[in-house]
Amino acid sequence: MKSAFLFPGQGSQYEGMLNDLPNDSVVKEVLEESSEILKRPIDTLHSKKSLSTTKAVQQCLLIASVSTYKIFEKNGVMPSYVAGHSVGAFGAAVASGVITFEEALKLVTLRGELMEKTCDSGYGMAVVLGLDEYQLSEIVSSFFNKEYPVYVSNRNSPTQITLSGSLKGLEKAIDYVKSHGATSAHLLNVSTPSHCPLFKNVSEELLSELDKLNLKRPKIPISSNVNSRLLRQADSVKEDLAKSICYPVRWHDAVNLLYEAGARLFIEMPPGDVLSKLANQAFPDVRTIAISKSSIEDCFYLHSGEDSHLYR
């Protein structure tokens, strides 16, 4: 049996999140490096005001997940696979050695800036529970219009799917699905319509920046956001990082792929536990740990104790 480390995306952030990271010298080093790269004090990055911007949220998520992963790396604990949800894919790419942390932080900073610039107001995302992808796609296509576009975006589970687009279009979709089979539907606390064609220009600019870098071959296979394949080549990772912002995140398929590849232990990097919960819901027989809810020592116990066979 094998393990997979999961890197979360937007929605897991909260005020003061970087203060809750594990107490380790390598975390301190990453925080100091981040401050130097961004040219701002870290304590200003995860304030309530700062986290109202997409750019700061994505920066904080990368810093939190990578700094924690480096504790495992320092102690020789390596997963069989890595996967990152949306912007979390950049953390997964760092863990796999494809890009450096500095490169990733600059890329997610650019990503956030481009997202805010492209759709600065009147857009967002919503989550729908209780309908499958086919049902929701049929509903969305039936009342789609160019003035208030709505797209099916993330496939987090078979019946937990997000929509992206204009707020007016999303509100209409929410009202409709609530009376047509959805058990729940509501807007998410995000101000940009991620993972839909509205961000094609962001994808193109990211690809242009990635082309300038000397990407390395992954030392750990990465489960793709876009096509649900294990990525083992640098060019494949580059394409996935660039494309995922304008294509749906097929997260359930990505986790299913890891399960089929033998992963039975899923460890989620800070700051949340959304991905570990989704893994448990999809596969009740797997073991999951969210570092934000459990001590990192618990994970080391699994590695060194009677459950060490769960690691590669």
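Which residues is S65 in contact with, leaving aside its neighbours within four places in sequence? The points below take up this residue and then other parts of the predicted model.

1. **S65 and its surroundings.** Leaving aside neighbours within four places in sequence, S65 is in contact with F7, P8, G91, M269 and P270. The residue belongs to helix α2. Its relative accessibility is 2%, so S65 counts as buried, the limit being under 20%. A polar atom of the S65 side chain lies 3.0 Å from the backbone oxygen of L61.

2. **The cis peptide bond.** P270, one of the residues in contact with S65, is joined to P271 by a cis peptide bond, with omega at about 20°. P271 sits in the loop between β9 (263–268) and α10 (274–282). As background, most peptide bonds are trans.

3. **K74 in helix α2.** The helix that holds S65 spans residues 54–74, and K74 is found in it. With a relative accessibility of 47%, K74 is classed as partly exposed, because this value falls between the 20% and 50% limits. Beyond its neighbours within four places in sequence, K74 is in contact with D24 and S25. The side chains of K74 and D24 are joined by a polar contact of 2.7 Å. The C-alpha atoms of K74 and V26 are separated by 8.1 Å, and the two residues are 48 apart along the chain.

4. **Helix α4.** This helix covers residues 101–118 and has 18 residues. From its first C-alpha to its last it reaches 25 Å, close to the 26 Å expected at 1.5 Å a residue. Its buried residues are F101, A104, L105, L107, V108, T109, R111, G112, L114 and M115. An α-helix has 3.6 residues a turn, so residues three or four places apart point the same way.

5. Most residues other than glycine have a negative phi. K39, which is not a glycine, has a positive phi of about 60°. Its place is in the loop between α1 and α2. At 74% relative accessibility, K39 counts as exposed, since the limit is over 50%. S228 also has a positive phi, near 55°, and is likewise a residue other than glycine. S228 lies in the loop between β7 (222–223) and β8 (230–231). Is S228 buried or exposed? With a relative accessible area of 17%, S228 is buried, because this is under 20%.

6. **S166 in strand β5.** S166 has its place in strand β5, which runs over residues 160–166. At 4% relative accessibility, S166 counts as buried. Not counting residues up to four places away in sequence, S166 touches G122, Y123, Y148, P149 and V150.

7. **Domain assignment.** The assignment for the protein chain gives domain 1 as 2–118 + 197–304 and domain 2 as 123–188. The C-alpha centres of the two domains lie 26 Å apart. Nine residues from domain 1 and 13 residues from domain 2 take part in the contact.

8. **The chain as a whole.** The protein chain contains 11 helices and 10 strands. Its radius of gyration is 19 Å, close to the 20 Å that the globule rule gives for 312 residues, so the chain is as compact as a globular protein of that length. Taken along the principal axes, its C-alpha atoms fill a box of roughly 55 × 45 × 35 Å. Of the 312 residues, 56% count as buried. Among contacts between residues at least 6 apart in sequence, 73% join residues at least 24 apart. The chain exposes about 13400 Å², and carbon and sulfur atoms supply 48% of this area.

Conventions: Residues numbered from 1 in each chain as written. Predicted model: local features only at pLDDT ≥ 70, side-chain atom pairs only at ≥ 80, totals over all residues. Heavy atoms only, no water. Helix = DSSP H or I, 4+ residues; strand = E, 2+ residues; numbered from the N terminus. Buried < 20%, exposed > 50% of the residue type's maximum accessible area, 1.4 Å probe, protein only. Contact = heavy atoms within 4.5 Å. Polar contact = N/O pair within 3.5 Å; in protein donor to acceptor, adjacent residues only side chain to side chain. Expected span 1.5 Å × (residues − 1). Rg over C-alpha atoms; globule rule 2.2 N^0.38 Å. Areas by Shrake-Rupley, 256 points an atom, 1.4 Å probe, with all protein chains shown as cover. Domains from an automatic or database assignment.
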